[in-house]
Structure formats: structure tokens, C-alpha cells
Amino acid sequence: MKQAVTYELLHVDKNSGARRGIVHTPHGDIQTPVFMPVGTQATVKAMTPEELKSDVKAEIILGNTYHLFLRPGHKLIKEAGGLHKFMNWDRAILTDSGGFQVFSLGKLRKITEEGVEFRSYLDGSKNFMGPEESMEVQESLGSDIMMAFDECCPYPSDYEYTKKSMERTTRWAKRCKDYHKDEEKQSLFGIIQGGFYKDLREISANDLKGMDFPGYAIGGISVGEPKSEFLEMLRFTTPLMPENKPRYLMGVGSPDYLIEAALSGIDMCDCVLPTRIARHGTALTSRGKLVVRNAAFENDFGPLDDECDCYTCKNYTRAYIRHLVNTKEILGIRLLSIHNLRFLTKLMENIRIEIERDNLKNFRDEFYDKFGYTKDEYKI
């Protein structure tokens with residue numbers, strides 16, 4: 001059977017194992033490793049689709065199943081012609097399963113074998129989502145890549161709870177796969193869980209590989225654990241994933257974690273970080289984070305980052321952006337969002353170049369020195 005989404009491996013960095021490839025989708029090819037901007041509510045915050053293409057150079061974005069299920073509703077989006085048409089985005093879309101958001105609700109939700117009963121954060125109404133419901137919503141949205149409904153354990157969680165959660169996630173993955181029939185239109189990825197227990201991660205990966213998904217994700221890390229534990233579990237889990245299919249690390253967007261993910265053999269990452277910190281007046285630059293609202297930049301007429309090629313850095317100064325942020329003008333958030341998103345997509349472009357040169361480890365060391373990261377933190 002023809003798959004909607006396939007992976008083409010182009011090169012492996014002989015000094016690190018980092019992968020350079022292409023993910024082929026019904027809405028275009030994605031050069032990997034890739035950072036995927038998050039469009040929670042059918043929009044990447046403050047960005048138009050045209051800006052995402054011309055200024056950010058994004059090839060794929062995310063939509064959030066949980067939020068779109070609650071508002072405006074998947075039936076309305078389906079009636080509009082699907083998420084691509086609804087939001088005027090003609091490139092690839094990945095939708096998460098809704099699992100992470102549902103499980104983040106704490107006392108507002110109740111987990112059973114069938115799925116999760118939860119109260120809407122909007123109006124308190126009771127709702128239910130299980131594997132079949134998640135598939136129904138994502139099929140209505142029409143994304144290129146759908147994610148299996150999973151349970152994301154909080155950090156920390158004890159072994160027994162994590163084991164039961166992982167086994168339930170596996171059963172749910174099977175139900176998702178049984179429900180989803182049209183792999184030629186949309187591809188369904190499985191999510192490896194197991195918390196911070198290596199034996200559970202290995203069991204989860206093997207069970208999911210047995211179901212032969214067209215792509216695999218690592219879930220349940222980068223959830224508040226120390227950096228050393230994140231790196232250890234990332235480096236342990238990635239080699240368990242098939243070599244001939246996309247590898248996705250969920251919820252990662254800081255420059256160091258993106259580089260470490262690529263070094264570990266990950267192809268795809270996503271995070272709300274660049275637009276979230278933009279809303280708080282912070283820019284990512286080649287020399288570290290810049291809190292542009294600070295008084296130090298009142299008379300600074302240079303760009304946010306003199307090494308950046310984005311629209312913001314070509315046209316506006318730190319002093320002007322500081323003024324916009326401090327007067328709460330919407331344009332300030334928009335200009336910072338364009339810059340931060342482009343900073344990360346440009347970083348991934350550079351990572352792809354360095355993988356082809358078998359030079360990603362040296363690039364990492366040079367980048368960390370300049371950005372201000374302590375390299376010893378990454379040697380576990």
C-alpha cells in the first residue's frame with residue numbers, strides 16, 4: 001500500500017550518526033532535520049501563512065487536536081474543506097493527538113481504558129476523547145501526519161504507574177491503527193512512551209515497531225526533568241527507532257535541544273518556545289537570549305542579531321522593537337516572532353549543511369561557545 005508520508009535518507013554524519021533526509025508528504029517535501037512551528041489554534045501566533053513561507057521558510061507546521069476539537073470544532077473545519085483550506089496553508093501539517101493537553105488537565109480529567117473524560121477549559125462542559133475519537137478529529141482536520149492517542153506521564157512517575165501507562169498507550173496505538181484506514185491520504189505515527197525507565201522505552205519501541213507505523217515519535221521527555229536525564233533517555237531511545245522512517249522528538253525547541261536531537265538521529269522537532277518568548281519581549285540570537293524590553297537597548301540602533309537574515313533584522317532596530325514591546329504594540333510581538341522562528345529554521349538549515357559535511361559535532365561546540373551554553377552539561 002502506498003503511504004502518504006515516506007522518508008528518504010540522504011546522508012549520515014560519519015562522526016555523529018546525525019541524519020540528513022527528506023520527508024515526502026502530500027503537501028510537499030520537508031528537508032530534515034526540521035523545526036516545526038506550532039499553530040495551536042489553526043495559526044502560528046501572530047504569523048500569516050505568507051510570512052511563514054517567505055520570511056520564516058517553514059515547510060511544515062503543527063495543529064492542536066485538543067484545542068481545535070473544542071473550538072471551532074472538527075466538523076466545522078471539515079465543512080470548510082479541512083485544516084489546510086481553513087487556515088490557507090498549502091504546505092504540510094502535523095496534528096498532535098490531543099493526549100498531552102488532555103493529560104495536562106490534572107483534576108479536570110479521568111482516565112479509563114476507553115479514553116479520557118475531561119472538562120473543557122473554556123466552559124467546563126464534559127467531553128470525552130479516546131483513540132477512535134482522536135482519529136475521527138484528525139481525519140476531519142485532514143493533516144498530512146496524524147499522531148496516535150497516547151498517555152504522557154507526568155515527571156516524576158513511579159515505575160508501576162509508568163508501566164501501566166505505557167502498556168495502555170500501546171493498546172491505544174493499536175486501536176488508532178485499526179480505526180485509521182486511509183494511509184494513502186494521511187499517515188499515522190506511533191508514539192514511544194515509558195517515562196524515564198529504559199526497559200519500558202525498549203518494550204514500547206518494539207511493540208510499536210511491530211505495528212509497522214510509517215513514522216515514530218518520542219513522547220514523554222522534555223517534560224521538566226533535568227537536562228542529564230533528558231539527554232540520557234533521548235540517546236537511548238532514538239537508536240530503537242526504525243532507520244527508514246521519520247523520527248520525531250515531541251515538544252523540543254531550544255537551540256541546544258534541537259542540536260542534541262539532530263546529533264542523536266532525530267529528524268523532526270516542534271515547540272511553542274519561539275513565539276511564546278517573543279510575547280515576553282525575548283529574542284534568540286547567535287550570542288544568546290536577548291531581553292529586548294530592557295533599558296540597555298533604548299538607544300541601540302543595531303539589529304536583533306547581525307548574523308540573521310530575517311525580515312525583522314533587515315529592517316528594524318533593537319531600540320524600535322523595545323519601544324513597541326514596552327508600549328504593548330502588536331507589531332513588536334510580530335517582529336520578534338518572525339525573528340525567533342526564522343532563527344530556529346535557519347539553525348536547522350545550518351545543521352543540515354554540517355551533517356552533509358560530517359561536521360555537526362564541531363558545529364555544536366562552536367555554537368555552544370558563542371551562545372553561552374556550557375559544553376560539559378551535554379557530556380553524560
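I began with I221, which sits in the loop between β12 (216-218) and α9 (227-237). I kept in mind throughout that this is a predicted model.

Is I221 buried or exposed? Its relative accessibility is 2%, and because the cut-off for buried is under 20%, I221 counts as buried. Setting aside residues up to four places away in sequence, I listed F196, R201, F230, M233, L234, L249 and M250 as the residues that I221 touches. I also looked up the spacing between I221 and V272, which are 51 residues apart in sequence and, from C-alpha to C-alpha, 15 Å apart in space.

From I221 I moved on to L249, one of its contacts. When neighbours within four places in sequence are left aside, L249 is in contact with I218, I221, F230, L234, A261, I266, M268, C269 and D270. F230 and L234 therefore stand in both lists, as contacts of I221 and as contacts of L249, by the criterion of heavy atoms within 4.5 Å.

I then asked which members of the largest nonpolar core touch the most other members. They are L249, I351 and F367, in a core that holds 76 residues. Helix α14, covering residues 330-356, gives the most to this core, with eight residues. Apart from this core lies another one of 20 residues, and I noted V5, V34, M147 and M268 among them. As general background, nonpolar side chains in soluble globular proteins tend to be buried together.

For the chain as a whole, I noted 15 helices and 16 strands. Along its principal axes, the C-alpha trace spans about 60 × 50 × 40 Å. Of the 380 residues, 57% are buried. Among contacts with a separation of 6 or more, 67% are between residues 24 or more positions apart.

I turned next to the surface and the charges. The protein chain exposes about 15900 Å², and carbon and sulfur atoms supply 49% of that area. I also compared where the charges lie, and the mean positions of the 52 positive and 56 negative charges are 3 Å apart.

The bond from R71 to P72 is cis, with omega near 10 degrees, and P72 is found in the loop between α2 (65-70) and α3 (74-79). Y155 and P156 are likewise joined by a cis peptide bond, for which omega is about -5 degrees, and P156 lies in the loop between β10 (145-147) and α7 (159-179).

A42 is not a glycine, yet its phi is positive at about 65 degrees; I located A42 in the loop between β4 (34-39) and α1 (49-56). D358, also not a glycine, has a positive phi of about 55 degrees, and its place is in the loop between α14 and α15 (360-371). Are these two residues buried or exposed? A42 counts as buried at 11% relative accessibility, and D358 counts as buried at 17%.

Methods. Residues are numbered from 1 along each chain as its sequence is written. This is a predicted model: local features need pLDDT of at least 70, side-chain atom pairs count only at pLDDT 80 or more; totals for chains, interfaces and linings use all residues. Side-chain values use heavy atoms; hydrogens and water are left out. A nonpolar core is a set of buried Ala, Val, Leu, Ile, Met, Phe, Trp, Tyr and Cys residues joined through side-chain atoms within 4.5 Å. Buried means under 20% relative accessible area, exposed over 50%, partly exposed in between (1.4 Å probe, protein chains only). Helices (H or I, at least four residues) and strands (E, at least two) are DSSP runs, numbered from the N terminus. Accessible areas come from the Shrake-Rupley method with a 1.4 Å probe; for residues, only the protein chains shown count as cover. Lys and Arg count as positive and Asp and Glu as negative; His and the chain ends are not counted. The place of a charge is taken as NZ of Lys, CZ of Arg, CG of Asp or CD of Glu.
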